[in-house]
Amino acid sequence: MEQTLGRIKRMHDGCSGAVNRLRTSLHSTEERLQSHRKDANYLAQLAAKSLPKGLHCLPLRLTNEYYSSNSNNKDFPNMEKLENPKLHHYAVFSDNVLAAAVVVNSTLVHAKKPANHVFHIVTDRLNYAAMKMWFLANPLGEAAVQVQNIEEFTWLNSSYSPVLKQLESSSMIDYYFGSGRARPGENPKFRNPKYLSILNHLRFYLPEIFPKLNKVLFLDDDTVVQQDLSALWSIDLKGKVNGAVETCGESFHRFDKYLNFSNPLIASNFNPHACGWAYGMNMFDLSEWRKQNITDVYHTWQNLNEDRLLWKLGSLPAGLVTFWNRTFPLDRSWHLLGLGYNPNVNEKEIRRASVIHYNGNLKPWLEIGLSKYRKYWSRHVNYDQVFIRECNINP
């Protein structure tokens, strides 16, 4: 019995040592896993913001063609439609020529009356010539298109726009553009300068851009239209300014996931459980916008968030506070989100949706895009077009 008990004690001591070694190994493995996850997240953010070679080539080739062309006529047809409030007007703000082309092409291919549709595209100085050349080389028939350079909006300056004013501050420049040190555990997307891009915030200045229009449908450049959208202009928004699809299907789409409710200013003005809504396909009533001074509301909140204490990321949180109690819920079939991050979007819902949205990092023009959804986007790209071929852009 004494020998047996001695063997048991030795075995027990050996097991305790093994357990301790396993715990140490598990802790070390978990630390390595966390490190790899951070690296993977950083690389995913980097891949999402990198421009493929073909999409870098395309605007360069188009710009060269625009300035080397002998044609003196570089105006679009149907310009008399640009300020006609009876027509269906779309606003697309983009620095991606091919993405903007897909939005326009997919809209027109499903339009019952193409002549009633007017597309207003605003881009930056670098892509203005390329964007204009694309639509000169690929005319839209009876539909009208306008390409504008944001640099020509002289009213959009730092004395008027809080975002531009904030971009000039040394702290903001260091935070978003400098080699500044990230806080431990901070998601790298919080430091992405696109969230302060004035193109990204231009959606808050629609009445200034379109002073003669009463309604505008705003479309992000990572959307694809799958049905005729004419019925949207006849929807009664019941005095609301923004018509949008609500996103309450998941808990992370509530207000408290976008806004900082530990801040008393946010807590006293908003409901943390309120339903968020989708930016990317929005019907804006510009007449009501002007009556309710919505741009001033946006400016007020943007100024209050100068130190990023109310929210961290871009235009959606700003939109939530600006259009609080001013948003009319559209039927969910109008706008389906998730194709840029969710591999499990229901195929029937995709086919049924009027507009599908590749929100997220996995854009359809990137190699990291979800291949199962790319067909819905690529079917609206003419891969036989000369500029597409020359830049080796393939399905």
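Student: Is C391 buried or exposed?

Tutor: This is a predicted model, and the value is computed from it. The cut-off for buried is under 20% relative accessible area. C391 has 6% relative accessibility, so C391 counts as buried.

Student: Which residue does C391 join in a disulfide?

Tutor: A disulfide is a covalent bond between the sulfur atoms of two cysteines. Here the S to S distance is 2.0 Å. The link is left-handed, with -70° about the S-S bond. The partner of C391 is C57.

Student: How many residues apart in sequence are the parts that C57 and C391 tie together?

Tutor: C57 lies in helix α2. C391 lies in the segment after α15 (386–390). The pair therefore ties together parts that are separated in sequence by 334 residues.

Student: What is the relative accessible area of C57?

Tutor: Buried means under 20%, and exposed means over 50%. C57 falls in between, so this cysteine is partly exposed. Its relative accessible area is 25%.

Student: Which cysteines form a disulfide with sulfur atoms 1.6 Å apart?

Tutor: The structure holds two disulfides. One joins C57 to C391. The one with sulfur atoms 1.6 Å apart is formed by C248 and C275.

Student: What pattern do the disulfides of the chain follow?

Tutor: Count the bonded cysteines along the chain. One link is C57 to C391, and the other is C248 to C275. The pattern is 1-4, 2-3.

Student: How are α2 and α4 oriented to each other?

Tutor: The axes of α2 (residues 53–68) and α4 (residues 128–137) come within 8 Å. They cross at roughly 75°. Angles of 65 to 115 degrees count as roughly perpendicular. The two helices are therefore roughly perpendicular.

Student: How many nonpolar residues does the contact of α2 with α4 have?

Tutor: Helix α2 brings residues including L58, L62 and Y66, and α4 brings M133 and W134 among them. By class, one residue is polar and two are charged. The nonpolar residues number ten.

Terms used:
Residues numbered from 1 in each chain as written. Predicted model: local features only at pLDDT ≥ 70, side-chain atom pairs only at ≥ 80, totals over all residues. Heavy atoms only, no water. Axes fitted to C-alpha atoms, helices over the stretch in contact; angles between N-to-C directions. Helix = DSSP H or I, 4+ residues; strand = E, 2+ residues; numbered from the N terminus. Parallel < 35°, antiparallel > 145°, perpendicular 65-115°, else oblique. Contact = heavy atoms within 4.5 Å. Nonpolar A, V, L, I, M, F, W, Y, C, P; charged D, E, K, R; others polar. Disulfide = S-S within 2.5 Å. Buried < 20%, exposed > 50% of the residue type's maximum accessible area, 1.4 Å probe, protein only.
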